[in-house]
Amino acid sequence: MEYTLVPMDRSHLAGVAELERLCFAVPWTEEMLAEELYNPTASFIVAEGPEGEVLGYAGLHVVLDEGYIDNVAVRPSCRKQGIADRLLDTFCRFGQAHLAFLTLEVRPSNTAAVALYEKHGFQEAGRRKGYYEDPKEDALLLTRTFGQEA
C-alpha cells in the first residue's frame, strides 16, 4: 500500500474526523482537531494516500520531557499493512531522542493494539477503572521509558 507520513494540516481535518468516527466510540470532532493545529504541545501525523486521502493518523502531546499518545487510528480497510506500526515508530524515535517516557491508554479488549504497543516496548503501568464508555471498560495504561536503553 502506497502512503506517506506527513504532518497533519487543515486539508486532513475532515478525513481525520471521519476516521475518528469510524474507530472510536467518543470521537474527536473536526473542530477539536483544528484546535490542535495551533497547540504548541501537539504533534499529529497522517498516513496520506496517493490522492491525499487519510489512511491513518496518530497524535502526540508533549509537556517538558513527557509524551502522551492520544490516538493511533487506521482506516479499517487499510489495517494490517504496517501503517500503525510506522506511525507509532515515528513517535517512539522522537521519544528516544527527546523524552523520558511515552504513555497511552488502550482498551484491554483491543488485543491488536496492545500487541503493537508491546512490540514497541510499552509495558503496563496500571489501569484506569471504567475509563472507556460504549462499552464500559477499563483502560490499560502503557508506558515506554527512555534513557535506560542501550
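Predicted model: local features only at pLDDT ≥ 70, side-chain atom pairs only at ≥ 80, totals over all residues.
**Stop 1: the start of the chain**

Select Tyr3. Tyr3 sits in the segment before E1. Is Tyr3 buried or exposed? Its relative accessible area is 13%, and buried means under 20%, so Tyr3 is buried. Now show what surrounds Tyr3. Leaving out residues up to four places away in sequence, Tyr3 touches Ala47, Glu48, Gly49, Leu55, Gln81, Gly82, Ile83 and Arg86. Val54 is 51 residues from Tyr3 along the chain, yet their C-alpha atoms are separated by 9.2 Å.

Move on to Val6, in strand E1 (residues 4–7). Not counting residues up to four places away in sequence, Val6 touches His12, Phe44, Ile45, Val46 and Glu48. Ala97 and Val6 are 91 residues apart along the chain, and their C-alpha atoms are separated by 19 Å.

**Stop 2: helix H3**

Select residues 83–98, which form helix H3. What distance lies between its end C-alpha atoms? They are 23 Å apart. That agrees with expectation, because 16 residues at 1.5 Å a residue should span 22 Å. Now colour the buried residues of H3: Ile83, Ala84, Leu87, Leu88, Phe91, Cys92 and Gly95. Look at their spacing along the helix. An α-helix has 3.6 residues a turn, so residues three or four places apart point the same way.

**Stop 3: the nonpolar cores**

Select Ile69, Ile83, Leu102, Val106, Tyr117 and Phe122. Among the 28 residues of the largest nonpolar core, these touch the most other members. Which element gives the largest share of this core? It is H3, with 6 residues. Another core, of 15 residues, lies apart from it; Leu13, Ala42, Phe44 and Tyr57 are among its members.

Zoom in on Val106. Beyond its neighbours within four places in sequence, Val106 contacts Ala113, Val114, Tyr117, Tyr132, Asp138, Ala139, Leu140 and Leu142.

**Stop 4: the largest pocket**

The largest pocket has a volume of about 1200 Å³. To find its centre, select Phe24, Val72, Asn110, Ala113 and Tyr117, the closest to it of the 37 lining residues. Several elements give two or more residues to the lining, including helix H1 (13–23), helix H4 (111–119) and strand E6 (123–132). Which element gives the largest share of the lining? Strand E4 does, with 7 residues. Finish by colouring the lining by class: 22 residues are nonpolar, 5 polar and 10 charged.

Definitions and conventions. Residues numbered from 1 in each chain as written. Heavy atoms only, no water. 1 Å grid on protein atoms, 1.4 Å probe; cavity = no way out; pocket = protein on both sides within 12 Å on 5 of 7 lines; lining within 4 Å. Points joined across faces, edges and corners; volume = space filled by probe spheres on them. Helix = DSSP H or I, 4+ residues; strand = E, 2+ residues; numbered from the N terminus. Nonpolar A, V, L, I, M, F, W, Y, C, P; charged D, E, K, R; others polar. Expected span 1.5 Å × (residues − 1). Buried < 20%, exposed > 50% of the residue type's maximum accessible area, 1.4 Å probe, protein only. Core = buried A, V, L, I, M, F, W, Y, C linked by side-chain atoms within 4.5 Å. Contact = heavy atoms within 4.5 Å.
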